[in-house]
Amino acid sequence: MINRLRELRTARGWSQGELAQRLGVSRQTVNAIETEKYDPSLPLAFNIAELFTLAIEDIFRPNGSGAAPVAARPPDRGFID
């Protein structure tokens, strides 16, 4: 999962340790999320979004290896049943 956590953290002038303390996690967890070695749990993602007052999808997005996109409806071919 691609994320903007490092960008958002540094814009506020916070160290990884400071962010970790605000979130109630270890500095190593923050580092693992920033380096995309670990995807946060859903509750942690919500906490991160709340802390930065952003929607989760404004911070995190799939990296293309997730579920396949939903297929669009096939075009109408004008056949009569």
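These legends go with close-up views of a predicted model.

**View 1. How H2 and H4 pack against each other.** The two helices meet at an angle of about 110 degrees, and their axes sit 10 Å apart. That makes H2 roughly perpendicular to H4, because angles of 65 to 115 degrees count that way. H2 goes past H4 in a right-handed crossing. On the H2 side, look for Leu19, Arg22 and Leu23; their partners in H4 are Leu44, Asn47, Ile48 and Leu51. Sorted by class, this contact has 5 nonpolar, 1 polar and 1 charged residues.

**View 2. The buried residues of H3 and what covers them.** Val30, Ala32, Ile33 and Glu34 are the buried residues of this helix. Their cover includes helices H1 (5-11), H2 (16-23) and H4, along with strands S1 (2-3) and S2 (60-61).

**View 3. Glu36, with its positive phi.** Most residues other than glycine have a negative phi. Glu36 isn't a glycine, yet its phi is about 60 degrees. You'll find Glu36 in the loop that runs between H3 (27-34) and H4 (42-51). Glu36 counts as partly exposed because its relative accessibility is 40%.

**View 4. Thr53, another non-glycine residue with a positive phi.** Here phi is near 50 degrees. Thr53 belongs to the loop between H4 and H5 (56-59). With 66% relative accessibility, Thr53 is over the 50% cut-off, so it counts as exposed.

Methods: Residues are numbered from 1 along each chain as its sequence is written. This is a predicted model: local features need pLDDT of at least 70, side-chain atom pairs count only at pLDDT 80 or more; totals for chains, interfaces and linings use all residues. Side-chain values use heavy atoms; hydrogens and water are left out. Helices (H or I, at least four residues) and strands (E, at least two) are DSSP runs, numbered from the N terminus. Buried means under 20% relative accessible area, exposed over 50%, partly exposed in between (1.4 Å probe, protein chains only). Contact means heavy atoms within 4.5 Å. Axes are lines fitted to C-alpha atoms, for helices over the stretch in contact, and angles run from 0 to 180 degrees between N-to-C directions. Angles under 35 degrees count as roughly parallel, over 145 as roughly antiparallel, 65 to 115 as roughly perpendicular and the rest as oblique. A crossing is left-handed if the near helix is turned anticlockwise from the far one by less than a right angle, and right-handed if clockwise. Ala, Val, Leu, Ile, Met, Phe, Trp, Tyr, Cys and Pro count as nonpolar, Asp, Glu, Lys and Arg as charged, and the others, Gly among them, as polar.
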